[in-house]
Amino acid sequence: MLRTLALSLAATAIGTAFRHLGFADSSIISLYIFTALLTAVTTTGRICTIVSSVLSVVLYNFCFVTPLFSLASYDRSYLVTFGIMFATAMVAGELTARIADNARTSAENAFKTRVLLETNQLLQQAHSAEECARVAMNQLVKLLKLDVVFYPAEHGTLGKALYESAGTENRSASLLTDYERAVATWTYTNNKRAGASTRTLPEARCLYLAVRTGDKVFGVIGIALEGREIEAFEHSIVLSIVGECALALESDRAAQEREEAAVLAKNEQLRANLLRSIGHDLRTPLTAISGSAAILRKSDEKLSLEQRCDLADAIYDDSLWLIDTVENLLAITRVEDGTIRLNLTSELIDEVIEAALSHVAQASHGRAVTIEHTDDILLVRIDVHLIMQVLTNLIMNAFKYTPEDSTVTISARREGAFVVVDVADDGPGVADCDKPHIFERFFTSGNTRPVDSRRSIGLGLSLCRSIVEAHGGVIEVRDNHPHGAVFRFTLPAEEIEIHE
């Protein structure tokens, strides 16, 4: 109204200038008609256009018709002029207002359509069910300027609600009540709309729509209408956004099912590989143990003491190998499925190396083992039992794949925030083609070594990698010059505090 009044006063001022310049009255009348047009363009609603038309007639009569500054008129023909002037201003203003309304409606429809297209693009970029729900909620808030809630479907019921506010005020307490959840549950169960603006449970604050594809419901979206009616075009956009969300959720669930199926197939393949490896590789030591035990039982008196000792040593060695294999199987299962918890303590790495070496000393069979000590005090933060298992596996591998006159060297040093441990041997080494795969589960080298008296099922080094990575370190294999292999792994160093 202030803008309407200002435009009418401005027209009067300009008309006064026209009168002093000697312009005809038709110019002043045209000026007031133009003012009505301008009012229709710059204001909303029909009231301002009507007021502008009335003010144009009144101000023209008051300021420019004799007698001046009076609403009376000496010439009755001015009544016709006033009528035509009012009608022209009204018609022109009405047409202009309609054009402006159509322009605003077109802009709003274009915005709503853009929101729908944007929704499709954003849903394609979402990587989880919650992200899909958030995208749909944000787009509905942008479209309607209303609060939105979303109840995801979980195991045949509705899960924890998500909330998106249209303003700065958080009204989740009034929208996430038990009654509102009950209305949403009705929508989920019956696959029909309910709540505000419907005939089903209209006392609810929100209008609830099922996010569905066919008979499959993925969740329920609630729109806090606050007494507002959603117009037909808006309603169609809302349904399109909800439908796009349902398709995205269906695609996400299908992707999860495919991933689960792939994991299941991989697990079945791993299980098959494990059973095949165990069935083949454990048969030999078990047969040797049972055969040696049978010989000792039935032919004990015919055997010399040395022969009995050799049979007992063979049984002992095969039993140790079986125990180590079973321990590796159990350990790698616990580490990789996350059921094992690291019991971290501060330990001297030299003491851990010596303790691990004492467990495998009897399996050296004449191989020399040396520990290269440094003057530094190397303190590490580790689970000592797991790291001892890493060292035991690496040392036993060195014994297994090197001749009896070989030397195994163990060393440790500080590099930055880590302690680097090397287990080196001077055996035949690791082939370049095997290095990228040597830490994979069930991988065994294709090379046949004369020192390898027993096949391996390929779990020891895979377990080592899992344990080292669980500690935040890395493990790798390198060549030992002039020949041999070096297995190197890192562990987080612990700072030493000296109290004087």
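Leaving aside neighbours within four places in sequence, which residues is R465 in contact with? I found F439, E440 and I475 (contact means heavy atoms within 4.5 Å).

**Ground rules**

I noted that this is a predicted model, where local features need pLDDT of at least 70 and side-chain atom pairs count only at pLDDT 80 or more, while totals for chains, interfaces and linings use all residues. Residues are numbered from 1 along each chain as its sequence is written, and side-chain values use heavy atoms, with hydrogens and water left out.

**Entry 1: R465 and its helix**

I placed R465 in helix α13. Helices (H or I, at least four residues) and strands (E, at least two) are DSSP runs, numbered from the N terminus. R465 counts as partly exposed, at 29% relative accessibility. For my cut-offs, buried means under 20% relative accessible area, exposed means over 50%, and partly exposed is in between (1.4 Å probe, protein chains only). I also checked R465 against I475: they are ten residues apart along the chain, and their C-alpha atoms are separated by 6.1 Å.

Then I looked at α13 as a whole. Eight of its eleven residues are buried, so the helix is largely enclosed by the rest of the structure. The buried ones are G460, L461, S462, L463, C464, S466, I467 and V468. After α13 comes G472, which has a positive phi near 90 degrees.

**Entry 2: the whole protein**

I stepped back for the overview. The protein has 13 helices and 13 strands, and 40% of its 500 residues count as buried. Among contacts with a separation of 6 or more, 65% are between residues 24 or more positions apart.

**Entry 3: the cores**

Which residues have the most contacts inside the largest nonpolar core? They are I349, L391, F487 and F489, in a core of 40 residues. A nonpolar core here is a set of buried Ala, Val, Leu, Ile, Met, Phe, Trp, Tyr and Cys residues joined through side-chain atoms within 4.5 Å. At least two residues of this core come from each of α11 (349-360), β9 (379-382), α12, β10, β11 (418-425), α13 (460-470), β12 and β13. The largest share, ten residues, is from α12.

I followed up I349: leaving aside neighbours within four places in sequence, I349 is in contact with L378, V380, A412, V419, V421 and L491. There is also a second, separate core of 33 residues, which includes A196, F218, I223 and A246.

**Entry 4: helix α9**

In α9, I marked P285, I289 and S292 as buried. They cover an arc of only 75 degrees around the axis, which puts them on the same side of α9; the arc is that of the directions from the helix axis to the C-beta atoms. On the face turned away from that buried side, I found the exposed residues R283, T284, R297 and K298.

**Entry 5: loops**

Is T402 buried or exposed? T402 is buried, with a relative accessible area of 1%. It lies in the loop between α12 (384-400) and β10 (407-415), and its side chain reaches the backbone oxygen of A398 at 2.5 Å.

I next looked at positive phi values in residues other than glycine. K145 has one near 60 degrees; it lies in the loop between α5 (129-144) and β1 (148-154) and is exposed at 55% relative accessibility. L201 has one near 50 degrees; it sits in the loop between β4 (194-195) and β5 (206-213) and is partly exposed at 30%.

P482 is in the loop between β12 (475-479) and β13 (485-492).

Technical notes:
Polar contact = N/O pair within 3.5 Å; in protein donor to acceptor, adjacent residues only side chain to side chain.
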